[in-house]
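Good morning, colleagues. Please have a look at it first.

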Amino acid sequence: MRYFLVLILLITGSVAIQAQTDTIRVWNKWCANADTPLLFPTANNIILVHSKGIKASSLVVKSLDNALKIANPEYKGDTISFMAMPYPKYGKRMRLAISSKDSKKVLKTVNFGAEEAPVPVAILGNLASGQPTRKQMLAQSSLKAGFRNSLYCYPYRIKQFTFKARVGGKDITIPVKGNMITNEITNILSIAAEGTFVEFTDIKAACYECEPRVLPDLKMWIK
């Protein structure tokens with residue numbers, strides 16, 4: 001009977017630890033997929049740690065490998081946040097441990113990978129093709145900044161661009177402040193013939209805590 005009770009206690013304790021582990025979420029704020037623990041060596045990484053059942057102030061975060069550099073964590077409400085960076089650029093092992101401040105027991109270990117973040121590019125609405133139909137182009141309302149083929153999602157915003165096209169033998173240039181597709185541009189797109197080449201140039205984007213940057217020209221043909 002005694003051994004049976006000990007076994008029950010061990011199983012109960014194991015289940016409790018597993019439950020605690022499962023309630024702890026760790027993710028990169030600037031990774032589009034929260035279930036993919038990625039760091040971007042040449043970009044911004046803000047790691048967030050959250051637990052439903054454990055107070056943030058009761059947790060301790062620690063890098064287990066020299067390749068994972070982390071800044072001093074900040075505790076706000078039920079979330080811990082801190083900057084992280086792979087060093088050298090692509091560390092082979094980058095493990096983060098989340099422990100209980102009281103028991104010192106490791107509750108969760110996260111293994112990070114590294115992926116290069118490409119330069120931001122301009123995207124017309126949600127179009128992925130460089131040869132959209134007129135209907136698809138007219139359905140878009142703004143020019144956005146994004147990172148093609150990457151999970152990096154730092155929020156850049158288009159501040160200005162210039163729309164260019166040649167319609168009816170006439171060159172058209174429309175400068176725009178902001179990121180919205182204006183009525184003037186919509187009117188040009190609505191009358192342009194199939195096969196018309198249009199481009200967005202002089203595209204400038206900015207983000208929080210960074211200097212404005214010029215993005216590559218966006219070139220499209222009306223299909």
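Among contacts in the protein between residues at least 6 apart in sequence, what percentage join residues at least 24 apart? The figure is 60%, where contact means heavy atoms within 4.5 Å.

Before I continue, a word on the source. This is a predicted model, in which local features need pLDDT of at least 70 and side-chain atom pairs count only at pLDDT 80 or more, while totals for chains, interfaces and linings use all residues. Residues are numbered from 1 along each chain as its sequence is written, and side-chain values use heavy atoms, with hydrogens and water left out.

The protein has three helices and 17 strands; these are DSSP runs, helices being H or I of at least four residues and strands E of at least two, numbered from the N terminus. Of its 223 residues, 40% are buried, that is, under 20% relative accessible area with a 1.4 Å probe, counting protein chains only.

Let me turn to the interior. A nonpolar core here is a set of buried Ala, Val, Leu, Ile, Met, Phe, Trp, Tyr and Cys residues joined through side-chain atoms within 4.5 Å. The largest such core has 40 residues, and those with the most contacts inside it are Leu-124, Leu-143, Phe-161, Phe-163, Phe-200 and Ile-203. Elements giving two or more residues to this core include β3 (46–51), α3 (183–191) and β15 (197–206). The most comes from β13, with five residues. Beyond its neighbours within four places in sequence, Ile-203 is in contact with residues including Ala-122, Leu-143, Phe-161 and Leu-218. There is also a second, separate core of 20 residues, with Ala-56, Leu-59, Leu-68 and Phe-82 among them.

Now the pockets. On a 1 Å grid over the protein atoms alone, a pocket is an open set of points where a 1.4 Å probe fits, with protein on both sides within 12 Å along at least five of seven lines; lining residues have an atom within 4 Å of a point. The largest pocket holds about 320 Å³, a volume being the space filled by probe spheres set on the points, which are joined across faces, edges and corners. Its lining has 15 residues, of which Lys-29, Trp-30, Asn-44, Ile-46 and Met-83 lie nearest the centre. β7 gives the most to this lining, with three residues.

The second largest pocket has a volume of about 190 Å³. Of the 16 residues lining this second pocket, Thr-42, Ala-43, Tyr-152, Tyr-156 and Arg-213 lie nearest its centre.

Key: Buried < 20%, exposed > 50% of the residue type's maximum accessible area, 1.4 Å probe, protein only.
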